[in-house]
Amino acid sequence: MSADACGSCAVANLANLQRLGLQVEQGEVVVALTGNPNTGKSTVFNMLTGLRQHVGNWPGTTVTRAEGAYRSGGAVHRVVDLPGTYSLLSTSSDEDAARDFLLFGDPDVTVVVVDATRLERNLNLVLQVLQITDRVVVALNMMDEAARHGVRLDVRHLERELEVPVVPMSARRGEGVSELLEAIASTAAGTTVGRSRPLRLPASVAAAVDLLAGRLAMEFAGLSNVRWVALRLLEGDASITDALVDGRLGDLDAAMRCRKAS
Amino acid sequence: MEAHALLADVDRLRADLPPGFADDLVVAIYDEAEAIARASVDTDGLPARLVWDQRLDRLLTHRVGGFVAMGVLFYLVFWFTIAGAALPSDLLFEVLVEHGHPAIRSVFEGAGSPAWLTGVLVDGVYLGVAWVVAVMLPPMAIFFPLFTLLEDLGYLPRVAFNLDRLFAGAGAHGKQALTMMMGFGCNAAGVTATRIIDSPRERLIAIITNNFSICNGRWPTLILMGTIFLGTLVPAPLAGAVAAASVVLVACLGIVVSFVVASVLSRTVLRGETSVYTLELPPYRRPQVWRTIYTSVVDRTLKVLTRALVMAAPAGAVIWSISNVRIGGSSLAAHLAAALDPVGVVMGLNGIILLAYVVAIPANEIIIPTILMLTVSLGAGAHAQAGVMMDLSTAQAGAVLVGVGGWTVLTGVNLMLFTLLHHPCSTTVLTIGRETRSLKWTAVATVLPLALGFLVTAGTTGAARLFGVA
C-alpha cells in the first residue's frame with residue numbers, strides 16, 4: 001500500500017485531527033452542522049473542535065449558532081453548530097437561524113446529523129436539505145442506541161437512495177468521527193459528488209417555477225439553487241421574500257460568483 | 001426596484017397555481033422519507049423502546065405520580081446540596097477568612113503598606129472574594145453536577161410535559177417549562193433560551209417570568225437563610241431536612257408566582273391564543289457521570305464563580321470605601337442605610353439589606369458577603385473597624401446577623417422571599433433588553449418582581465406583627 005493511501009485512511013485522519021477551538025478567522029472550508037433537535041449536533045461539534053458547547057438530553061439546548069474550527073488533511077475547517085430544526089419551512093427564531101445559514105451562509109459542506117433511532121422523521125429534513133445543496137454528508141448518529149433498541153440500519157441502501165455519503169457514528173463515544181472527517185473532506189474537495197434531488201412538481205407548478213427561475217437566474221447568475229428559491233417565493237415564504245427585498249440574496253449571488261471565478 | 005418587480009411577478013404566477021400545492025409538496029417529501037426509511041430500517045421484531053423506559057415514563061409523567069416524583073427529586077437534590085456543602089463551607093471559611101485574612105493583613109502591614117491601601121485591598125477586595133468562595137463554591141460544586149445528571153438523563157422534557165397543562169392554563173407556552181429550568185441555572189441563559197418559543201406574545205411572558213426561577217447566584221442566599229433561621233428551629237437531626245424543605249418551598253413558590261404572573265399577563269396586556277407545539281420526549285440516556293462532573297465543575301461552577309469573583313472584588317472595594325468615607329461624623333454607608341431603613345422596616349428587612357441589594361446589582365452572588373460586611377461595619381461600631389468584619393471572634397455568618405445585625409426569623413424569611421422576588425441582576429436586564437428590543441418590556445421585567453417583592457414582604461411582616469409573632 002502506498003504512503004498516500006495510508007495518509008488518507010480513516011485512522012490517520014483521526015490521528016492528524018488538530019482541534020482549533022475558537023480560532024475561526026482562518027477558516028477555509030465552512031462546515032454547517034444541522035439536524036433535528038436533540039440528535040447530538042453539539043456533541044459532534046464538540047468532538048470535532050475540542051470546544052465544550054453545552055450539550056443536554058433535551059430538544060432546544062442550542063438556540064444560537066456556535067462556531068469552532070479544526071484542521072484535518074492540511075485544511076482548516078470552520079464548523080458552524082446550528083440550532084436544531086424539524087424542517088426548513090418553519091418559523092421560530094432559533095430555527096430561522098439554522099435555515100438562514102444553510103441558505104445564505106453558503107457552507108461548503110452541510111452535515112445533517114440524524115438520530116438513527118428515528119430515521120423516518122429525520123429523513124424529512126435530509127430530503128429538504130438535499131433540495132438546496134448537493135454538498136451534503138449524513139451523519140447517522142446514535143448508532144449505539146439504535147443497536148441497543150434492536151434497530152438495524154442498511155447504511156449502503158441509505159447511501160444509494162440519498163446519493164450522498166452516509167456515516168454511521170456514535171458521537172458521544174467518539175465512534176465514526178474519523179470517517180466523518182473523511183466524508184467532509186472528500187465532499188469539500190469535490191472528489192465525492194452527491195446529487196441534489198430534483199424538485200418533483202406537478203406540471204402547472206413546474207411551469208411557474210421554471211419561468212421564475214429563469215428570471216432569477218438572469219438577475220442572480222451566481223445562485224446555485226434558483227429553482228428552490230423560486231418555489232419558496234411562490235409558496236409565499238416570508239424569510240426568502242425578505243432576503244430578496246433587503247438584498248441578502250444579491251449579496252449571496254455576488255459571493256458565489258466570486259467563488260466560481262477563483 | 002428590481003426586487004419589487006420580481007415580487008409582483010411572483011404574485012401574478014401564484015394566482016394561477018392550484019390552491020394547496022405547497023402542502024402537496026410537503027406530503028411528497030414525507031412519503032419519500034417513509035419509503036426510504038422502510039427499506040433501510042430493520043427493527044428485528046424488538047419493541048422500539050426498551051420496557052424500562054416506558055415504565056419509568058409511566059411514573060415520571062403520571063398525572064399525580066409525576067408531580068410527586070418531581071418534588072422528591074428536587075428535594076433530594078437540595079438536601080444533598082445543603083448537607084454536603086455545610087462542612088466544606090465551614091472549612092473554607094476557617095482557612096480563607098479566620099486565618100487567611102489576618103495573615104495577609106500582617107504581610108501588608110509588615111511591608112509598610114499605607115492604611116488605606118491595606119483597607120481597600122485586604123479588608124475590601126480580599127474579604128469580599130474570600131466570602132464569595134466560602135459561601136458559594138461548595139453548594140455550586142454539588143448542585144451543578146446533580147442538576148446536569150438529571151439533564152443528561154433526559155428528565156427535563158418530562159418536567160416540561162408535566163407542567164404543560166398548567167402553562168396552557170396560564171395562557172403561556174408549554175416550552176416555557178424548559179426556559180424556566182434554564183433559569184434555575186442562570187436567568188440570563190433562561191431569557192436567551194426563550195428563543196425556542198415561536199410566538200412573540202408567549203415569548204415575552206416567558207422572559208418576564210424567568211426571573212422567578214431562582215438562579216445559582218441566589219441559591220446560596222436561600223440555603224444560608226434556611227440553615228441559619230429555619231433549620232435551627234427544630235432539633236439538630238432534622239435541621240438539614242427542614243432547611244432543604246424551606247429552600248424547595250421558596251423555589252416552588254417561584255413557580256407558582258410564574259404561573260400567576262403569566263395568567264395575569266395573558267389575560268390583560270398580553271392576550272392571545274396559546275400555541276400548539278410538539279415536544280419530543282427523548283429516550284432516557286445513561287449519563288456519563290465522570291464527564292458530567294468534570295464539565296459541570298469546570299464549565300459551570302468555575303464560570304459562575306469567576307463571575308462572582310470579578311463582581312465581588314470591586315464590590316468589596318466599594319463597600320470598604322463607602323464605609324470609610326465620612327460625612328458629618330458617620331460614614332457614607334451609614335447615611336445610605338439610614339435613608340433606606342424606613343422602607344426596609346416596612347418590608348421586615350433593614351436598610352443595610354436594601355443597600356446591599358443596590359451595591360450588588362451586578363450579581364446576586366455577592367449579596368450575602370455584602371450584607372455581612374455592611375452589617376459588621378455599621379452595626380457594631382464598638383468592636384469592628386469600619387468595613388471589616390473579621391476582627392470578630394464569632395465571625396460565623398449566623399452569629400453576625402443575629403448578634404450584630406439584630407436579625408430575627410422574620411428577617412430571614414423575608415430575605416428568602418425577597419431573594420425570590422426582586423429585580424434581575426444587571427446581566428439579565430441587559431439580556432432582556434437585547435432579546436425584547438423594547439425599553440418598555442425591559443422595564444416591566446425589572447420593576448414587576450421588585451414591586452411584588454415589596455408587597456409580599458410587607459404583607460408577611462404586617463401579618464407577623466398583627467399576630468404578635470414578631
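**View 1. The buried residues of α17 of chain B pack against α10 (219-230), α11 (236-267), α14 (351-359) and α19 of chain B.** This is a predicted model. Helix α17 of chain B covers residues 409-420, twelve in number. Ten of the twelve are buried, so α17(B) is largely enclosed by the rest of the structure. The buried stretch comprises B:T411, B:G412, B:V413, B:N414, B:L415, B:M416, B:L417, B:F418, B:T419 and B:L420. From first C-alpha to last, α17(B) reaches 17 Å. That is close to the 16 Å expected at 1.5 Å a residue.

**View 2. Helix α9 of chain B crosses helix α19 of chain B at roughly 35 degrees.** Here α9(B) is residues 200-209, and α19(B) is residues 439-466. Their axes come within 9 Å. The crossing of α9(B) past α19(B) is right-handed. On the α9(B) side, the contact uses B:L204, B:I207 and B:I208. They meet B:W441, B:V444, B:A445 and B:L448 of α19(B). By class, the contact has seven nonpolar residues, no polar ones and no charged ones.

**View 3. Domain 1 of chain A touches domain 2 of chain A.** The domain assignment places domain 1 at 3-189 and domain 2 at 203-261 of chain A. Seven residues of domain 1 are in contact with eight residues of domain 2. On the domain 1 side, the elements giving two or more residues are α4 (93-104) and α5 (119-132) of chain A. The most come from α4(A), with three residues. This side of domain 1 holds two nonpolar, two polar and three charged residues.

Definitions and conventions. Residues numbered from 1 in each chain as written. Chains lettered and ligands numbered in written order. Predicted model: local features only at pLDDT ≥ 70, side-chain atom pairs only at ≥ 80, totals over all residues. Domains from an automatic or database assignment. Contact = placed C-beta atoms within 7 Å. Helix = DSSP H or I, 4+ residues; strand = E, 2+ residues; numbered from the N terminus. Nonpolar A, V, L, I, M, F, W, Y, C, P; charged D, E, K, R; others polar. Axes fitted to C-alpha atoms, helices over the stretch in contact; angles between N-to-C directions. Left-handed = near helix turned anticlockwise from the far one by under 90°. Expected span 1.5 Å × (residues − 1). Buried ≥ 20, exposed ≤ 12 C-beta atoms within 10 Å, placed from the backbone.
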